[in-house]
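Here is a short note for a colleague opening this structure for the first time. Please read it with the model on screen.

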Amino acid sequence: MTIGNLAHTTAILEVLGAGDPRLAYNQLKHVLLSLDQDLAVTAAGYSLGYASDYDSHLGRLDDFGRDYTYDQRQARRYSDKGIEQIARHISSEWMLEASPTLTIEVVKANDEVLELVIRSERLAIVEMRDPVVEMVSSTGKRESFPVDWRPLAGEAGALRQEASVRTDQLRQPDVAVSVLWTGEAWPLFHLAVLRGLDGASLPLDLMTFGARATVSRCFLDKAGSADPP
């Protein structure tokens, strides 16, 4: 495995290097070092070219066999097992690095109107549906809110889009804005509130559960503490 080889991969290049083959090469080396150095992982290190200078895969397997007194068939068996361990580690421990991200930015929040800008970002290799925006009442009734998703420029291998949501329904104390984003991976949610716009800010609360984020009003009692509706 070389930096040039990684430049032609897809998943490993994006997950470990965010599109940068040199970074992906170094991160893969750190993955090898972070795993327990049993014989299978060591054989995989030879096979990938981190512990052997041979150009061919067979040459690297033979190199491992000579160093650890195994024939080529045994060396390949150990290497295959080590590659599986590395792939399992990357898909579990490193998948967080590839998690889709959805940001909800409040650009106006007062007693009359709530205006949100919703931005999503994901790697092209992670399959996700378009986020679904709904108005949700305390009785559980859901009403889809039509949005127009606009593509945004991003780094190579990344897909970004944006939509604006403007509603006055939050004047009702039992209505919240819900964003559901489902797909291949669990998303990470962020809420940014730009306060001081168009009068006093409306206290807001963000709750997340699984693939859903909900923005609702906080209500202040006379002492100034927030109480749920």
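The points below go from confidence to sheet, cores, helices and single residues.

1. **What kind of model this is.** This is a predicted model: local features need pLDDT of at least 70, side-chain atom pairs count only at pLDDT 80 or more, and totals for chains, interfaces and linings use all residues. Residues are numbered from 1 along each chain as its sequence is written, and side-chain values use heavy atoms, with hydrogens and water left out.

2. **Confidence.** pLDDT is the predictor's confidence in each residue, from 0 to 100. Its mean over the chain is 78, and 77% of the residues reach 70 or more. Helices (H or I, at least four residues) and strands (E, at least two) are DSSP runs, numbered from the N terminus. Confidence is highest in strand β5 (residues 150-152), at a mean of 92. It is lowest in strand β11 (residues 219-220), at 40. Residues 219-229 have pLDDT below 50, and beyond near neighbours in sequence this stretch has 13 contacts in the model. Where pLDDT is low, the predicted coordinates should not be read in detail.

3. **The open sheet.** In what order do the 5 strands of the open sheet run? The order is β4-β3-β7-β10-β9, with antiparallel pairing. Strands count as paired if DSSP finds at least two bridges between them. β4 and β9 (204-209) are the edges; each has a single partner strand, so one side of each is left without a neighbour in the sheet. From one strand to the next, the twist averages 25°.

4. Start with β3. It joins β7 through 6 bridges, antiparallel. Here Val132 has Leu180 of β7 as its bridge partner. β3 also pairs with strand β4 (residues 142-144), antiparallel, over 3 bridges. Val136 stands opposite Arg142 in β4. β3 and β4 make a hairpin with 4 residues between them, and Gly140 in the turn has a positive phi of about 95°. Thr208 has Ala213 in β10 as its bridge partner.

5. **The largest core.** A nonpolar core is a set of buried Ala, Val, Leu, Ile, Met, Phe, Trp, Tyr and Cys residues joined through side-chain atoms within 4.5 Å. Buried means under 20% relative accessible area, exposed over 50%, partly exposed in between (1.4 Å probe, protein chains only). The largest core has 24 residues; Leu102, Ile104, Leu116, Ile118, Val133 and Val165 have the most contacts inside it. Elements giving two or more residues are β1 (101-109), β2 (114-123), β3 (132-137), β6 (158-167), β7 (175-180) and β10 (212-217). β2 gives the most, with 4 residues. β3 is mostly covered, with 5 of its 6 residues buried.

6. Contact means heavy atoms within 4.5 Å. Not counting residues up to four places away in sequence, Ile118 touches a set including Leu102, Val133, Trp149, Val165 and Val179. Pro131 lies in the loop between β2 and β3. Pro131 is buried, at a relative accessible area of 5%. Its contacts, not counting residues up to four places away in sequence, include Leu102, Trp149 and Val179. The C-alpha atoms of Pro131 and Ala211 are 9.6 Å apart, although 80 residues separate the two along the chain.

7. **The second core and α3.** A separate core of 12 residues includes Val31, Leu32, Val41 and Leu48. In α3, the buried residues are Ala24, Tyr25, Gln27, Leu28, Val31 and Leu32. An α-helix has 3.6 residues a turn, so residues three or four places apart point the same way.

8. **Thr42 and Thr69.** Are these buried or exposed? Thr42, in helix α4 (residues 39-47), is buried, with a relative accessible area of 17%. Thr69, in the loop between α5 and α6 (72-93), is exposed, at 70%. Phi of Thr69 is positive, near 55°. Most residues other than glycine have a negative phi.

How values were computed:
Axes are lines fitted to C-alpha atoms, for helices over the stretch in contact, and angles run from 0 to 180 degrees between N-to-C directions.
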